[in-house]
Amino acid sequence: MKIIECAGLTKIYGRKKALDQMTFSIEENKITGLIGRNGAGKTTLLKILAGFMKETSGEIKVFSERPFNSLNVSANSVFVDDQMAFPQAIPLGEILEVARDFYPNWDHSFALRLFDYFSFDPKDYHKRLSKGKTSTFNMIIGLASHAPLTLFDEPTTGMDASVRKDFYRVLLKDYIAYPRTMILSSHHLDEMEDLLEDVLLIKNGKKHMHMPISDLKEWAIGIKGPATVVLDLINGRDVIYKNEIGIKTLYAVVKNDLSQSVLNQVQVAGLEISSVRSSDLCVYLNNDTKGGIDDVFN
Ligand SMILES: Nc1ncnc2c1ncn2[C@@H]1O[C@H](COP(=O)(O)OP(=O)(O)OP(=O)(O)O)[C@@H](O)[C@H]1O
């Protein structure tokens, strides 16, 4: 069953088109990584899905309803980011109590166990928490709510490496016990790659790619060898990434659709063929230039 359906979804702020004709759908009980560079439109998309913001045009359905101002969508979703607002005068322990009344599927004992594990003081206040502790507390709310649609916008902002590791682990274990539809936004795939079933890559407000992570892993290949031979081979192909290694060696990434005869040519020429890590591929696909930052020096 489709939980999210977007057709031609567009959001314009003044003169800025933040989302541009996005068409995609997301199935129930999947974890999707929403990947894009700064300003790609990730937060805008998540806020529209959560019903916090109105789309400018296009169609959007969440649980078969337009999310803006929908009670059904707000009762069945949670949106977690580092701006999450909580009443300033209420201590953390009481915020958990309020959350218990607010979220229909709230798992209070899970929330308390996480609260203790991460050493929160029930008498402390949200506005006094450090950046990493704020994200950790918000993550507890996001996970313990067990909302059928759980949206995390850059959830690990400010968390140190060990908390980030704990976060991904607890998220996966909890998801296995209580499957639900989750979207996690990030600039890069590295750390969350193993959690994801699908990846939705957005670039300049447009859908660039939406596919299972297993397909993404096979989508491109890297070719390395003498520059002239590699250049000859990739001539006329859509080159995703190109990097000079030393003076005469070139590494190029192209779509993994080489015919057997081309692969034979590669073998005869002694070129190195390798798979491309999906996190690297997302970085290359998000770049506006083929050589990344090196192009600044050309
Ligand atoms: N309230 C606003 N008014 C005007 N422009 C906005 C507003 N909010 C976002 N934008 C612009 O819309 C575009 C998309 O912003 P958005 O915050 O959705 O991107 P993002 O992918 O979440 O970025 P980041 O990874 O840096 O958080 C950006 O160019 C941003 O400057």
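**Note on the chain and the shell around its ligand**

1. Buried residues account for 33% of the 298 residues in the chain. The structure under discussion is a predicted model, and the points below should be read with that in mind.

2. As for overall dimensions, the C-alpha atoms of the chain occupy a box of roughly 70 × 40 × 35 Å when it is taken along the principal axes. The secondary structure of the chain consists of 10 helices and 13 strands.

3. Among the contacts in the chain with a separation of 6 or more, 69% are between residues 24 or more positions apart.

4. The UniProt record, an unreviewed entry, assigns the feature "domain: ABC transporter" to residues 4–229. Within the model, the span 4–229 is 33% helix and 30% strand.

5. Which residues are the closest to the ligand? They are Y13, A18, N38, T43 and T44, and they belong to a group of 13 residues that surround the ligand.

6. Two elements deserve attention in the shell around the ligand: strand 2 (16–27) and helix 1 (42–49) each contribute at least two residues to it. Helix 1 gives the most, with 3 residues.

7. The composition of the shell around the ligand may also be described by class. It comprises 8 polar residues, 3 nonpolar residues and 2 charged residues.

Technical notes:
Residues numbered from 1 in each chain as written. Predicted model: local features only at pLDDT ≥ 70, side-chain atom pairs only at ≥ 80, totals over all residues. Near = placed C-beta within 6 Å. Helix = DSSP H or I, 4+ residues; strand = E, 2+ residues; numbered from the N terminus. Nonpolar A, V, L, I, M, F, W, Y, C, P; charged D, E, K, R; others polar. Buried ≥ 20, exposed ≤ 12 C-beta atoms within 10 Å, placed from the backbone. Contact = placed C-beta atoms within 7 Å. UniProt positions renumbered as here; feature names shortened; annotations may be inferred.
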